[in-house]
Amino acid sequence: AVPLVVAISTAISAKNGLLIRNRTAFENSRKITAMVFDKTGTLTQGEFGVTRYESASNEFSREDILMFAGAIEQNSEHPIATGILAKVKKLNFQLPKTANFQAISGKGIEASVAGRNTKVVSPGFLIENDISIPENAFNSSSETVVFLLIDEKLAGFIALADEIRPESKEAIETFRRNGIKVMMATGDNTTVAEAVSKQLGLEGFYAEVLPHQKVEIIKELQRRKEYVAMTGDGINDAPALAQADVGIAVGSGTDIAAETADIILVNSNPKDIANLILFGKATYSKMI
Ligand code: ADP
Ligand code: MG
C-alpha cells in the first residue's frame with residue numbers, strides 16, 4: 001500500500017502542475033546537496049527581447065542584419081530565435097527564404113540565405129575562429145549578443161535581453177538555508193552568466209557550456225560526493241537530467257527532457273522546485 005503521506009504529497013503535487021515519474025528519486029530529494037539549474041527559461045523568463053542590432057560591415061545595413069538573421073531563425077525554436085523573429089514581425093520585414101539549415105551544436109545555427117552562407121553564432125564561435133569582436137558589441141553585462149556571419153565574415157550583431165524571474169532569488173535563498181549549493185550551467189556567454197550568478201547569489205556557474213558538457217558537470221559534482229539535482233528544459237539538458245540523482249524537467253511535459261526526468265514541473269517556477277524539495281524532506285523525515 002502507498003503510505004498515506006506519500007499519497008497526500010503526490011496529490012498536492014498534481015494540483016501544482018507537478019508530476020512525479022520516479023518516486024524513489026523524489027524520496028531521495030531529501031539527500032540533495034547540490035542543485036544545478038539551466039539558465040534560460042529556468043532562472044530567467046526565457047523571453048528574449050532585441051535591445052540593439054548593428055551592422056559591422058560596409059556591405060550591409062542594420063536592416064540587412066535583422067533580415068539575414070531573421071531568415072535563418074525561422075528554422076529554430078531557440079528563445080533567441082523567438083526574440084529576433086518578434087522584432088522582425090514588429091518591423092514588418094519580409095524574410096528571404098533559406099536552404100540547407102543546420103544547427104552548430106551549442107554555438108548557433110547556419111543556412112544558405114540568398115545563396116550566401118549565413119550563420120548566427122555565439123561570441124565563443126568568433127573567438128574559436130579568430131574573428132575579432134566589434135568594440136560596441138558588449139555594453140551591458142545583462143545582454144546576450146549573437147553575431148551574424150555572411151560567407152565567414154562578420155556582418156553585424158544582435159543584442160538581446162532576458163529577465164531574471166522574480167521568484168528565482170527567493171528560491172535560491174531557500175535552497176541555501178537548507179544547505180544546498182546552487183549552481184548554474186548555461187550555453188550563454190560568461191559575462192551574462194556572471195551577472196545572473198551575482199544577482200542571484202549563486203555558489204558558482206558554468207558558462208559557454210556545450211550540450212555534451214552538462215552531463216560531465218553533473219558527473220564531476222557526483223565525484224566530489226555531492227548528491228546532485230539538475231533542473232532544465234531543453235533537449236540539450238536530457239542527458240544531464242538522466243545523470244543527475246534527481247532530474248527535474250520544467251515546462252511542457254512533452255519533449256525528451258520530460259521523458260528522462262524523475263520529476264516534471266509544468267510551471268517553470270524555481271520557487272515550486274524549492275517547495276517541492278523541502279516538502280520531500282519534510283514528508284520522508286516524518287516517515288522514518
Ligand atoms: P542555452 O540553452 O543555455 O542557451 P544553447 O546550447 O541552446 O544553450 O545555446 C548556446 C549559445 O549558442 C547561445 O547562447 C547562442 O549564443 C548560440 N545559439 C544557439 N542557438 C541559437 C540560435 N537559434 N540563434 C542564435 N544563437 C544561437
Ligand atoms: Mg537550451
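**Exercise 1. State where Val-209 lies, whether Val-209 is buried or exposed, and which residues are in contact with Val-209.**

Step 1. In this predicted model, Val-209 sits in the loop that runs between β10 (204–206) and α9 (213–223). Helices (H or I, at least four residues) and strands (E, at least two) are DSSP runs, numbered from the N terminus.

Step 2. Val-209 has 22 C-beta neighbours inside 10 Å, so Val-209 counts as buried. The classes are buried if 20 or more other C-beta atoms lie within 10 Å of the residue's own, exposed if 12 or fewer, and partly exposed in between, with C-beta atoms placed from the backbone.

Step 3. Setting aside neighbours within four places in sequence, Val-209 is in contact with Ala-185, Thr-186, Gly-187 and Lys-214. Contact requires that the C-beta atoms of two residues, placed from the backbone, lie within 7 Å.

Step 4. Ile-133 is 76 residues from Val-209 along the chain, and their C-alpha atoms are separated by 20 Å.

Conventions for all the exercises: residues are numbered from 1 along each chain as its sequence is written, while chains are lettered from A and ligands numbered from 1 in the order in which they are written. As the model is predicted, local features need pLDDT of at least 70 and side-chain atom pairs count only at pLDDT 80 or more, whereas totals for chains, interfaces and linings use all residues.

**Exercise 2. Describe the division into domains and the side of domain 1 that touches domain 2.**

Step 1. The protein chain is split into domain 1 (4–45 + 164–287) and domain 2 (49–161); such bounds come from an automatic or database domain assignment.

Step 2. Taken over C-alpha atoms, the centres of domain 1 and domain 2 are 31 Å apart.

Step 3. Domain 1 gives twelve residues to the contact, and domain 2 gives ten residues.

Step 4. On the side of domain 1 that touches domain 2, the elements giving two or more residues are α3 (39–43) and α8 (190–200). The largest share, four residues, is that of α8.

Step 5. By class, this side of domain 1 has four nonpolar, five polar and three charged residues. Ala, Val, Leu, Ile, Met, Phe, Trp, Tyr, Cys and Pro count as nonpolar, Asp, Glu, Lys and Arg as charged, and the others, Gly among them, as polar.

**Exercise 3. Work out the surroundings and pairing of strand β11.**

Step 1. β11 covers residues 228–232; five of its five residues are buried, so β11 is largely enclosed by the rest of the structure.

Step 2. Val-228, Met-230 and Gly-232 point one way from β11, and Ala-229 and Thr-231 point the other way.

Step 3. Strand β2 (residues 34–38) runs parallel to β11, joined by four bridges, and Met-35 stands opposite Ala-229. Strands pair if DSSP finds at least two bridges between them.

Step 4. Strand β12 (residues 246–250) also pairs with β11 in the parallel sense over four bridges. Here Ala-229 stands opposite Val-246.

Step 5. β11, helix α10 (residues 238–243) and β12 form a right-handed β-α-β unit: with the strands pointing away from the viewer, the path from the first strand over the helix to the second runs clockwise.
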